[in-house]
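Notebook open, structure on screen. I want to jot down what I look up as I go.

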Amino acid sequence: MSDGGRNTTTPGREPAQPPGVGRLARTVERLRRELERAEQAAEGRALIELATGVLVERLQCGPAQAARQLEDLAAGSGRTPLELAAEIVDQAAQDQLTEVAQEFLAGATGRNPGVSPITLRLRTAEAGTLAADDTQAVAESLLQHALAPLGATAVAVWSAGPDASLSLAGAAGFSADEPARWRYVPPGVATPARQVLGDRRTAWYPSLSRTGLPSIGQRDFPDGGRVAVPAGTGGRLLGVLEICWPDELEPQPARVERQIEALAELCAHTLDRGVPSAVLLSGPQDQAQRQMQELVVLADGLHDPALVLRPHLDADGLLADFRIQHANARFVDPAGRPRGAVHGRLFLETYPMAADQGGLLEKIERVHATGEPFRTEGVTLTALVGQVPLPGPADISISRLGDGVLLIWRVEDESAQLARLLQHAQRLVRIGGFEENAVTGKVTWNDQLFLLFGLEPHADPVPLRLLPEHAHPDDDAAVGRFLRAVLHHHRAASADFRLRRPDGITRHMRVVAEPVLDTEGGLLSVRGAYQDISAQHWTEVALAVTRDRLAHTEQQAAERNRLARQLQEAIMPPTRRPMDALGLHIATRYRPAEEDHMVGGDWYDAVVLPSKQVLICVGDVAGHGIEAATDMVVLRNALRGLATTGAGPAQLLAWLNQVAHHLTDNVTATTVCALYDPDVRVLRWARAGHLPPVLVRGERARPLPMVDGLLLGVIADAEYEEAEVQLEPDDILLMFTDGLIERRDSSPQESLQHLLTTAQVPAATLEQRLDHLLTHSNADTDDDTCLVGIHLP
């Protein structure tokens, strides 16, 4: 058995030992050679670490940056890192390396003020991180060498997945079962580490319990503080470093913050490579080259324009821009430059407008940092090149592979835009198209039609001849007429039917189809569409029901209004013969509303009482229709009955108010009540929220002085004021309801003034004066009107 090492057996001679001993000897020889190779590897590793330490002192940087610098120098010179490390160590030996080491040791013991204890802890932790074999060892080294002196008691190193999930790569300082509980955090779960991964900046939490966020160690340190730091390198976020304190965390000095950020960068290198960067010689570079080559091959295989980008770092190792590594054959520069003109150029230099706030460059940076792909549709790439827009909206896709970024966009031409608009229109109006070849029997449906029929996209379309099997049996006649018209008579036709879907749902459908004929009139194919008209159908049904209900309601309302008008006219006809009673000449007029539904509760009355006095009154019940008319009858008859008691107008209104408040259903009304005593020619009157009477004496008309009185039915116990007027021969007293003067665009005072002016016009008789007032009334509310005229000859 040969393993590639030195052969110690002489050719042509067999060993004298037994077969078992020979096998043992070969095993010992193999183990010895493996030990030699391990020693050589250890020596090489020690040499590389020594060279890294030299670069740390020479460049005044951390071990991680020195290790990267060693790799870059080796790649640039075409040598292995081990060969270059040997040269650096040899050169350092000639530059008194021993003196440099002694100065560093002096600083470690406090004899050199140029090296602080914090710097020493940081470098010790960096060295431990580079020497660790896995992330768990890195976490333990960070806690022991750098974080425990700061008062921290636990540390967790999270690895970020491409779907924005988190996996616990290493943890130290927690209880035994805590890391197992937090092995994996799915996407979308809000934790301190997940928030930091999304925000891409360090977050300090004085007390975890105040945030309400769950995280590892919340049972161990419920009120403790913690810090979460994004761990990234070269603009890529590979994970999060989370550090826990047992108690509430006070603000930390700036040097501690810088130290923790440096430790997070070390964790990023560990997460990126899995082993210390100084040990990996040419492997990571080869892997990065392979990943970049895979991106190039993938971009060339796409039918859409694509760019392969790689990060461009500045002198401090920070992400500054992206360099265009490759443009595929489909790529067309929006600015009209040839494809080769953009190859190798910086992305921001090529497309400067992409740096706008929230622009394309920011999205590329986020994908490169987090690894979470970005997708969007229908955007305009005008901002990419300034004022030169692409032909149409574009769909953008950004993905990351390794250290490279793949940018893809698909520009919609006019036909694609029309197709997309048609697809959206079909979805909105629930239409699906079909075409059926009459020669081959092949049926073609679009995706929307499968949804309408409740079928899976891979199901067989339903041919027209089988449509009756999917329709409701009651619709067989309509479907049969449609099929005969299209398939046999070769005429365009349509039909409405009920579709019975496989899921048990019945939908109302409309099918429209037209035949495609050859030159001899033979049927070649049928084209058409199905539309789901269920919403329209049920809307029509609901509208028909509502229309029937409305018609019934209108009929009932018309009947009620007709009854109200008949009741109103039966009690108070529009014209009534004048009345002469106890020396008074009384004339009345009633003008009902033009519309039946506006018939209200206006009323008047003039009657000789047993006390040989004349009761004269007008009133207006609130509301319209049959209810107002019946309420009017109640109040009018109640006032007549109360007037037989011989009480005065104020007392009559007080009693009538109690009737309206207690004996009716929330009736309110206004009224004027007057009693005329013929012996002394005195008219006593009171009002309940009504306009006062108007006295026409000579050529002047004026309203009687206002007296207090609340409208009827508002409160149970209302008091009313009474007044009296001494009538003189030829005086005329007018009592009316507001339908005579009410206007929508005038105040009551203006309308009353118009009435006074009209009432002063001379007339031969009282009846002519009342007719003149009705004719020249400027009211515009189409309300009932009652008018009573009293003339003392």
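I started with the largest nonpolar core, which has 28 residues in this predicted model. L147, V155, L241 and I243 are the ones with the most contacts inside this core. Next I checked which elements give two or more residues to this core, and I got α6 (135-147), β1 (154-160), β5 (226-233), β6 (236-244) and α10 (254-273). Of these, α10 gives the most, with 8 residues.

I then picked L147 and asked what it touches. Leaving out residues up to four places away in sequence, I noted L142, A152, V155, I243 and L263 as the ones L147 touches.

Over to the strands. How many bridges join β7 to β8? I wrote down 7, between β7 (residues 306-313) and β8 (residues 319-327), and the two strands run antiparallel. One pair I looked up: L307 stands opposite A327 in β8. β7 and β8 form a hairpin, with 5 residues between them. In that turn I found G317 with a positive phi of about 80 degrees.

Last stop, the surface. W538, V541 and V545 form a nonpolar patch there, and together they have about 270 Å² of accessible area. I placed W538 in helix α20 (residues 534-571). Is W538 buried or exposed? I put down exposed, because its relative accessibility is 52% and the cut-off for exposed is over 50%.

Terms used:
Residues numbered from 1 in each chain as written. Predicted model: local features only at pLDDT ≥ 70, side-chain atom pairs only at ≥ 80, totals over all residues. Heavy atoms only, no water. Pairing = 2+ DSSP bridges. Helix = DSSP H or I, 4+ residues; strand = E, 2+ residues; numbered from the N terminus. Patch = residues over 30% accessible without salt bridge, like charges linked within 9 Å, V, L, I, M, F, W, Y side chains within 5 Å. Areas by Shrake-Rupley, 256 points an atom, 1.4 Å probe, with all protein chains shown as cover. Salt bridge = Lys/Arg side-chain N within 4 Å of Asp/Glu carboxyl O. Buried < 20%, exposed > 50% of the residue type's maximum accessible area, 1.4 Å probe, protein only. Core = buried A, V, L, I, M, F, W, Y, C linked by side-chain atoms within 4.5 Å. Contact = heavy atoms within 4.5 Å.
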